[in-house]
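I opened the model to look at its pockets, its cavities and a couple of helix pairs. My notes follow in the order I looked things up.

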Amino acid sequence: MSIVISIAKRALAAGLAIAFAGTAQAAYPDKPITIIVNYPPGGALDLATRAVSANLSTQFDQPIVIENKPGASGLIGAENAARQKPDGYTFLATIDSLVTVNPLIFGQKRFNPETTLDVISLLGTFEQVLLVPKTSEIKDLSSLIAASKAKALNYSSAGAGTPGHLAMESLRLALGINMTNIPFKGNAPALNALLGKQVDTGFLALGGSTLQHIKAGKLIPLAVAGQSREPALPDTPTLSESGIEALKDFDMQFSFLLMAPKGLDKTITEKWNAAVAQAMQSAQIKTQFDNLNVHRVNGSMQEAQQWMAKYGSRIHDTIRKANIKVE
């Protein structure tokens, strides 16, 4: 009888262990979550991530802590995230250039995002606008082309391999015009150089202070880089609307990605996809993203993969043709 009781006890213990294990798994998340943002606070990526995180925190009923770890074109924060356990408690919010640009332009790869990080979802997309100072003699795309033939023009960017640099190089290659990149350490100094007429032109992310200066008349928008006109600038044409054959398919857009250390469990990934998709339907997120001039997305992994395949190939082509390298 004692043997039977012992066996019964063991069976009960095993059953309870399985039940508790199932309960623990179903309870995810059961502690605070960290999202590393690999750019400084206050930028569009940071603010968009904080907006979505506030919504996700409510859905998950857990605090979500944002940690800004900027530096080295996003590599410092990305490396930090890649070193964490793939347990669903550490994520990375980044610009897609971490995956589409950095591995190609840095001579010494510090790490490979494809082997150390998984793409979880798209967090939003953003647009680049071609600008000149208010007092510039360049008033439209035609006069920009004419000016570039008369003399060598220069343009500001937030640094080598940044969206503004890539968008302008893509335009330069398409038109065969002479333009020189003047890189700055970030979007703010690149914007200030344009306002101060230290440069002739520049592609800058539409949003924040850039849009404020446009509305104040200090900067003149010539065109946007995407396929559709921007609601914030309805009278500004896309480059593909220019009537120039070489620009008929011009489309250079960029995005924000949510990533995780490689190996995240599929059920957790699916839970985050569903949560991000739900967040994107929020009226509050719509308002916040509209204020940032960031476009909402569906939030799925499939959408992120499709985005990367489409725009990644365009970016790779630009980097190769322009021979962009950072040693």
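Before the first entry I wrote down the handedness rule: a crossing is right-handed if the near helix is turned clockwise from the far one by less than a right angle, and left-handed if anticlockwise. I also noted that this is a predicted model.

**Entry 1: H9 and H10**

I started with H9 and H10, whose axes come within 10 Å and cross at roughly 20°. Angles under 35 degrees count as roughly parallel, so H9 is roughly parallel to H10. By the rule above, H9 passes H10 in a right-handed crossing.

Next I asked which residues in H9 meet H10. From H9 I got Asn187, Leu191 and Leu195, and facing them in H10 are Ser209, Thr210 and His213. I sorted this contact of H9 with H10 by class and found two nonpolar, four polar and no charged residues.

**Entry 2: H2 and H11**

Then I moved to H2, residues 44-60, and H11, residues 266-280. Their axes come within 9 Å, and the crossing is at roughly 120°. That angle makes H2 oblique to H11. The crossing of H2 and H11 is right-handed.

I listed the contact from both helices. H2 brings Val52, Asn55, Leu56, Gln59 and Phe60. H11 brings Lys271, Trp272, Ala275, Val276, Gln278, Ala279 and Met280. By class, the contact of H2 with H11 divides into eight nonpolar residues, three polar and one charged.

**Entry 3: cavities**

How many cavities of 30 Å³ or more are there? I count two. I looked into the second largest cavity, which holds about 30 Å³ of space. Its lining is Ile35, Thr49, Val52, Ser53, Leu56, Leu123, Leu258 and Trp272. H2 supplies the largest share of that lining, four residues. Val52 and Leu56 of H2 and Trp272 of H11 were already on my list for the helix contact, and the three turn up again in the lining of this cavity. By class I noted six nonpolar, two polar and no charged residues around the second largest cavity.

**Entry 4: the largest pocket**

For the largest pocket I got a volume of about 1,100 Å³. Its lining runs to 47 residues, and those nearest the centre are Tyr39, Ile95, Ala158, Gly186 and Asn187.

H2 gives the most, with four residues. The lining of the largest pocket has 24 nonpolar, 21 polar and two charged residues.

**Entry 5: the second largest pocket**

Last, I checked the second largest pocket, with a volume of about 240 Å³. It is lined by 13 residues, and nearest its centre I found Ser170, Ala174, Asp317, Thr318 and Lys321. H8 and H13 (301-322) are the elements that give two or more residues to this lining. H13 gives the most, four residues. For the second largest pocket my class tally reads six nonpolar, two polar and five charged.

Terms used
Residues numbered from 1 in each chain as written. Predicted model: local features only at pLDDT ≥ 70, side-chain atom pairs only at ≥ 80, totals over all residues. Heavy atoms only, no water. Axes fitted to C-alpha atoms, helices over the stretch in contact; angles between N-to-C directions. Parallel < 35°, antiparallel > 145°, perpendicular 65-115°, else oblique. Contact = heavy atoms within 4.5 Å. Nonpolar A, V, L, I, M, F, W, Y, C, P; charged D, E, K, R; others polar. 1 Å grid on protein atoms, 1.4 Å probe; cavity = no way out; pocket = protein on both sides within 12 Å on 5 of 7 lines; lining within 4 Å. Points joined across faces, edges and corners; volume = space filled by probe spheres on them.
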